[in-house]
Structure formats: C-alpha cells, structure tokens
Amino acid sequence: MRKNRILALSFLLIMAGLGLSKSGWARPGDAADPLVTKSYVMKVLSENFNPMAQTLASVDSKLDDLLQRTASAQKQLVPFSDVYQAEYSPAIARIYHLGLIKGYPDGTFRPNGPISRSEMATLLVRAKKLTLTTRKIYFKDVYSGYWAYQYIATAKLSGLVTGYPDNTFRPTRQVTRGEAAALIYRAYAKSLIAVQSAPKYSDMTKHWARPYVDYLTKAGVIPVEAGGKFNPDAPATRLWVVEALAKLQ
C-alpha cells in the first residue's frame, strides 16, 4: 500500500514538473483509455526523473528498515506474541515491566479475554506492592495449594476482596466490568482525584456499581464509553483492567 502511494505521488510530481495535461502523455490506449499503468509510470520515472526514482526507492527502503526495527523494539518491550504490535502495547508494557503480569505459558497475553477473580486479586496485590501473607484463610473452594492462594489471602486480609455468603470465593469466575470498577476503586480510593465529569449511562442509573464507575471515570482511570452505555454486567477484559491499572502506577 505504501509503495502504491509513493507511485501515485511520483506521477503527480511528474505531471506538475513537466506542465503537461493528460493529453500530452504518450500513454497506452491513447485518449480513449485513461488507464496509466504502474509499469508506464515507472518507465517515465526511469527515463525522465531517475534521481527522483532513486530517492523514492531510498525512502522506501528506510521506511521498511524503520518498521522492522520498531517491531523488534516492541517485541523486547512486550514479550507477548499477540500484543507487541498492537496500539495498546504501551499500557501492557508498563504493567509487564512493573512485574504485575506474566502472561500465559504459550507466550500470549490474550488482551481481549476475560479476567478471573483470582487473576484480579493477584493483579491488585502486586499493583499495591503488598507483602504476601502467611496467614491462612478459609474459602470452601480455595485450597492451600492453589496457585493464587496467597494472593487471595493477602487481598482478603487487606480488604481488597471479599467472598460470598456461602463462604466461597469462586476463583475462576469471570469478573464483570462493574465488579472490576468496584475492586479498583476499593484499592485506590484515597488517591483518586476528579478531573472531569461523569457521563450519564442509560444502563447505570440504578446499578449497584454506579458510584465506582463514576469515581473512576471522573478521575480519568477508565475511559468514557461511546453509545451511552457502560455494560456493567459484561465481562471485563484483561486489557481494560490493565489499562486502568497502568494509569494508577
């Protein structure tokens, strides 16, 4: 696509430089056929503007080299195969280098995937730089050998998360956008400063998470959603949570 744009620009520059109208070109197909082919443009370039053709070729080569070096640098910043060239990699890179996320064994981050309660608890404990507790907690569905046991215990004892009335934590349950907003607010309430007004979402009027969404939006931690809805009961994505936490570090 870039080469096509350069060719088109070259053609226009030649037209301007020679001061010729379209009828002045000895082109294929004569005046009845307005098609100017790529090969014809290149022929005119080589015969009349060879220095320009060389300059454009040099620019094109440098652009390719720059893109390759940029991609290589991004790979080093974010070692996840599914995000290193994405526009949201800066937030993921920040959170990664702070040691808050590690990704999956297959080398992916899955930015658009859901985040579980155990993953959310782990992120918050790491983000707040809390020391992992050695104290025991009791949830019927979280055993001491579970990978996130200490993070869940630390988050609970620090007041960042709570369990359910049936004494379960439901560690693999997906966190909703409303729940994620409440958890992030609970962890950072004392450091939030309002910088803008909160939008009026049609689906948040009576929702329990409205105060938390309003506070985070006012503080610029989460973006204002288009369409007039927040979708509080939809699953929060890993990217959405990471982008919010990146603004708080």
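Student: Which residues lie nearest the centre of the largest pocket, and how many line it?
Tutor: A pocket here is an open set of points on a 1 Å grid over the protein atoms alone, where a 1.4 Å probe fits, with protein on both sides within 12 Å along at least five of seven lines; lining residues have an atom within 4 Å of a point. In this structure 14 residues line the largest pocket, and K102, E119, R126, W147 and R238 lie nearest its centre. Keep in mind that this is a predicted model, where local features need pLDDT of at least 70, side-chain atom pairs count only at pLDDT 80 or more, and totals for chains, interfaces and linings use all residues. Residues are numbered from 1 along each chain as its sequence is written, and side-chain values use heavy atoms, leaving out hydrogens and water.

Student: Which helix gives the largest share of that lining?
Tutor: Helices are DSSP runs (H or I, at least four residues), numbered from the N terminus. The largest share, 4 residues, comes from α5; α5 (117-127) and α9 (238-246) each supply at least two. By class, the lining has 8 nonpolar, 2 polar and 4 charged residues (Ala, Val, Leu, Ile, Met, Phe, Trp, Tyr, Cys and Pro count as nonpolar, Asp, Glu, Lys and Arg as charged, the others, Gly among them, as polar).

Student: How do I read a helix pair, and at what angle do α5 and α7 pack?
Tutor: Two packed helices are described by the angle between their axes and the distance between the axes. Axes are lines fitted to C-alpha atoms, for helices over the stretch in contact, with angles running from 0 to 180 degrees between N-to-C directions. For α5 and α7 (residues 177-188), the angle is about 20 degrees and the axes are 11 Å apart. That makes the two helices roughly parallel (under 35 degrees). M120, L124 and A127 of α5 touch A180, L183, I184, A187 and Y188 of α7, contact meaning heavy atoms within 4.5 Å. Those residues are 8 nonpolar, no polar and no charged.

Student: At what angle do α4 and α9 cross?
Tutor: The axes of α4 (residues 89-97) and α9 come within 9 Å and cross at roughly 70 degrees. The pair is therefore roughly perpendicular (65 to 115 degrees). A91, I92, R94 and I95 in α4 meet L239, V242, E243, L245 and A246 in α9. By class, this contact has 7 nonpolar, no polar and 2 charged residues.

Note on methods
Angles under 35 degrees count as roughly parallel, over 145 as roughly antiparallel, 65 to 115 as roughly perpendicular and the rest as oblique.
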